[in-house]
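Trainee: I'd like to learn how to read a few features off a model. Can we walk through one together?

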Amino acid sequence: MSSSGSHGAEGSSSNIPLDYHLQHQHQQQSPVTLSRYESQKRRDWNTFGQYLKNQRPPVPLSQCNCNHVLDFLRYLDQFGKTKVHLQGCMFFGQPEPPAPCTCPLRQAWGSLDALIGRLRAAYEENGGSPETNPFASGSIRVYLREVRECQAKARGIPYKKKKKTPKGNVEESSTSSIHFS
């Protein structure tokens, strides 16, 4: 036998405390998997932060206001996939136009609305105060309402607001539908 005191256990980690193994094993396990919503919220937050950094001059998050958010939403339109017919387009007000046209693609209202919801939550989760949350501004709500109405009118699709019944069921109400003449 060797006199090193290893008693034939060369290469074993018996001299390392057990809690080290437990900590190390825990670190090697895959991190907690985020939900789809949490992953998207993180991506949106990082995208918005990058947008602020790319401004000239860069805008620190602490100085971000609703105007920066509105500019961000307008910037995103260039990546949109929703055809929004212009007033002079012969397909204006038609939900399923028979041919292509040159009207612009925009971000869909529903996508923008969901994005603002995620960014609003992310802002507060990252230390922002609810009172200063630029994503909760009245001007953002007005902008989203205008986008919704404009897109509904341009595509000939009346927007029906859903309201909850006392039992928690959802029913459609036509109080917000847009009428065309």
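**A helix and its aromatic neighbours**

Mentor: Start at the end of a helix: Asn65 caps the N-terminal end of α3, with a side-chain oxygen 2.8 Å from the backbone nitrogen of Asn67. Helices here are DSSP runs of H or I, at least four residues, numbered from the N terminus. This is a predicted model, where local features need pLDDT of at least 70 and side-chain atom pairs count only at pLDDT 80 or more, while totals for chains, interfaces and linings use all residues. Residues are numbered from 1 along each chain as its sequence is written, and side-chain values use heavy atoms, leaving out hydrogens and water.

Trainee: Which residues of α3 are buried?

Mentor: Buried means under 20% relative accessible area (1.4 Å probe, protein chains only). In α3, residues 66-76, that covers His68, Val69, Leu70, Phe72, Leu73 and Leu76. They pack against α2 (36-53), α4 (109-125) and α5 (138-155), judged by contact, meaning heavy atoms within 4.5 Å.

Trainee: How many aromatic pairs does the structure hold?

Mentor: Rings of Phe, Tyr and Trp (its six-membered ring) pair if their centres lie within 6.5 Å; planes under 30 degrees apart are stacked, over 60 edge-to-face, the rest tilted. There are 10 aromatic pairs here. Phe48 and Tyr51 have ring centres 6.4 Å apart and planes at 25 degrees, so they are stacked. Both sit in α2, three residues apart, about one turn of the helix.

Trainee: What about Tyr123 and Phe135?

Mentor: That pair is edge-to-face, 6.1 Å centre to centre with 65 degrees between the planes. Tyr123 is in α4 and Phe135 in the loop between α4 and α5, 12 residues apart.

Definitions and conventions:
Buried means under 20% relative accessible area, exposed over 50%, partly exposed in between (1.4 Å probe, protein chains only). Helices (H or I, at least four residues) and strands (E, at least two) are DSSP runs, numbered from the N terminus. A polar contact is a pair of N or O atoms within 3.5 Å; within protein, one must be able to donate a hydrogen and the other to accept it, and residues adjacent in sequence count only if both atoms are side-chain atoms.
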